[in-house]
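Thanks for coming, everyone. Please look at the screen, and we will walk through the fold together.

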Amino acid sequence: MSRPTQIDDRDLDAWLAHHEGWAREGTSAIMRAYTFPDFSSALAFVVRVGCLAEKKDHHPDIELGWGKVRVRWTTHDAGGITRLDVELAAATDVLRS
């Protein structure tokens, strides 16, 4: 399997323009915050994201609080954002639906 490489800035900007709520966090990650009506709903979402991450063997940084979740995708091996990160960010949005 080939190692992931960073996504081109133009491609990332185009992706971000079509995925509301996602933003660059510095030059090495994309991040989105989600809100929920209560802690248990937020926690259930985190569990779904965790299952997705395990299936893909690629894990985000997640912050959980009462009614809020912050998800941050990056590829440490590549030193930044890759196509795998944007693929999983889009899948994360589907889990929220």
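Start with the buried residues of helix H3. They are Asp85, Val86, Leu88, Ala89, Thr92 and Asp93. Look down the axis of H3, and these buried residues fall within an arc of 165 degrees, so they line one face of the helix. On the other side of H3, Arg83 and Val94 are exposed. An α-helix has 3.6 residues a turn, so residues three or four places apart point the same way. Keep in mind throughout that this is a predicted model.

What covers the buried residues of H3? The cover includes two helices, H1 at 9-17 and H2 at 39-56. It also includes two strands, E2 at 29-35 and E4 at 68-73.

Now a quick check on the length of H3. The helix covers residues 83-96, which is 14 residues. At 1.5 Å a residue, H3 should span 20 Å. Its end C-alpha atoms are 20 Å apart, so the two values agree.

Next, the sheet. In what order do the 4 strands lie? The order is E1-E2-E4-E3, in an open sheet with antiparallel pairing. Strand E1, residues 23-25, and strand E3, residues 61-65, stand at the edges. Each has a single partner strand, so one side of each is left without a neighbour in the sheet. Ignoring direction, neighbouring strands are turned by 25 degrees against each other on average.

Glu25 has Ala29 in E2 as its bridge partner. The hairpin of E1 and E2 has 3 residues between the strands. There, Gly26 takes a positive phi near 65 degrees.

Then E2 and E4. How many bridges join them? There are 6, and these strands run antiparallel. Tyr34 stands opposite Val69 in E4. Arg32 stands opposite Val71 in E4. E2 itself is mostly covered, with 5 of its 7 residues buried.

Last pair: E3 and E4. They pair in the antiparallel sense over 5 bridges. Glu63 has Arg70 in E4 as its bridge partner.

Is Glu25 buried, partly exposed or exposed? Its relative accessibility is 23%, so Glu25 counts as partly exposed. The cut-off matters here, because buried means under 20%. Leave aside neighbours within four places in sequence, and Glu25 is in contact with Ile30, Met31, Arg70 and Arg72. What about Glu25 and Trp66? They are 41 residues apart in sequence, and their C-alpha atoms are 22 Å apart in space.

How do the other helices sit on the sheet? H1 lies across E1 and E2, and runs at about 130 degrees to E1. H2 packs on the sheet, where it touches E2, E3 and E4. The direction of H2 makes about 165 degrees with that of E3.

Pick out Leu43, which is found in helix H2. Its relative accessible area is 37%, so Leu43 is partly exposed. Along the chain, Leu43 and Gly65 are 22 residues apart. Their C-alpha atoms are separated by 8.5 Å.

Finally, the core. In soluble globular proteins, nonpolar side chains tend to be buried together. In this model, the largest nonpolar core has 21 residues. Which residues have the most contacts inside it? Those are Trp22, Ile30 and Trp73. H1, E2, H2, E4 and H3 each supply at least two residues of this core. The largest share, 6 residues, comes from H2.

So what should you take away? The sheet is open, with the order E1-E2-E4-E3. H1 lies across E1 and E2, and H2 packs on E2, E3 and E4. H3 has its buried residues along one face. That's the tour. Over to you.

Notes
Residues are numbered from 1 along each chain as its sequence is written. This is a predicted model: local features need pLDDT of at least 70, side-chain atom pairs count only at pLDDT 80 or more; totals for chains, interfaces and linings use all residues. Side-chain values use heavy atoms; hydrogens and water are left out. The expected span of a helix is 1.5 Å times one less than its number of residues. Buried means under 20% relative accessible area, exposed over 50%, partly exposed in between (1.4 Å probe, protein chains only). The arc is that of the directions from the helix axis to the C-beta atoms. Contact means heavy atoms within 4.5 Å. Two strands pair if DSSP finds at least two bridges between them. Axes are lines fitted to C-alpha atoms, for helices over the stretch in contact, and angles run from 0 to 180 degrees between N-to-C directions. A nonpolar core is a set of buried Ala, Val, Leu, Ile, Met, Phe, Trp, Tyr and Cys residues joined through side-chain atoms within 4.5 Å.
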